[in-house]
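Have a look at the model first, then read on.

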Amino acid sequence: MRKSYVLDSANSFAVEFTRCCRKYKSLNIAVAWCGNPNQTLPYKFLENFSGTVKAIVGIAFNHTHPDAIEWFSDIGADIRVFKDDVYLFHPKVYLFRD
């Protein structure tokens, strides 16, 4: 059975994200932008994630931090930057799978 969760605070995100990092083997990410890896979620939770990571990252309003792209590359993630004529790419999806 599949379950979906709506996480409405940084704390609920942290608890659920940590649980999923321990339980699942694959993570697909699609986000509008990624902030500084030294200051924002979910980087500290992914440091010990042993599964595969595929990420599509937008550059919404030029908020994606260059160190974020490098950080994902350094952990071996399949990282792609969404750059298109479409100005708005604004998903917030973290899909864990086995």
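## Salt bridges and the fold around them

Let's start with a charged pair: Glu16 and Arg19 join their side chains in a salt bridge, 2.5 Å from N to O. This is a predicted model. Both residues sit in helix α1 (residues 10–23), and because they are three residues apart there, about one helical turn separates them. Glu16 counts as buried, since its relative accessibility of 15% is under the 20% cut-off. Arg19, at 27%, counts as partly exposed.

How many salt bridges does the structure hold? There are two. The other pairing to look at is Arg80 with Asp78, whose side chains meet at 3.2 Å, N to O. Here Arg80 is exposed, with 52% relative accessibility, while Asp78 is partly exposed at 30%. In general, side chains of opposite charge can pair when their charged atoms come close.

Here are the two bridges side by side:

| Salt bridge | N to O distance |
|---|---|
| Glu16 – Arg19 | 2.5 Å |
| Arg80 – Asp78 | 3.2 Å |

Zooming out on charge, the chain carries 12 positive and 10 negative side chains, and the centres of those two sets are 11 Å apart.

Now for the fold. The chain has three helices and four strands, and reading along the sequence gives α-β-α-β-α-β-β. For 98 residues, a compact globule would have a radius of gyration near 13 Å, and the chain agrees because its own value is 13 Å. The C-alpha trace spans about 40 × 25 × 25 Å along its principal axes. Of contacts between residues at least 6 apart in sequence, 79% join residues at least 24 apart.

Buried residues make up 33% of the 98.

Beyond its neighbours within four places in sequence, Ser26 contacts Phe49, Thr52, Leu95, Phe96 and Arg97.

Val31 is also in strand β1. Is Val31 buried or exposed? Its relative accessible area is 5%, so Val31 is buried. Leaving out residues up to four places away in sequence, Val31 touches Ile56, Val57, Gly58, Phe89, Pro91, Lys92, Val93 and Tyr94. As for Phe61, 30 residues from Val31 in sequence, the C-alpha to C-alpha distance between the two is 13 Å.

Definitions and conventions. Residues are numbered from 1 along each chain as its sequence is written. This is a predicted model: local features need pLDDT of at least 70, side-chain atom pairs count only at pLDDT 80 or more; totals for chains, interfaces and linings use all residues. Side-chain values use heavy atoms; hydrogens and water are left out. Helices (H or I, at least four residues) and strands (E, at least two) are DSSP runs, numbered from the N terminus. The radius of gyration is taken over C-alpha atoms; the globule rule is 2.2 Å times the number of residues to the power 0.38. Buried means under 20% relative accessible area, exposed over 50%, partly exposed in between (1.4 Å probe, protein chains only). Contact means heavy atoms within 4.5 Å. Lys and Arg count as positive and Asp and Glu as negative; His and the chain ends are not counted. The place of a charge is taken as NZ of Lys, CZ of Arg, CG of Asp or CD of Glu. A salt bridge is a side-chain nitrogen of Lys or Arg within 4 Å of a carboxyl oxygen of Asp or Glu.
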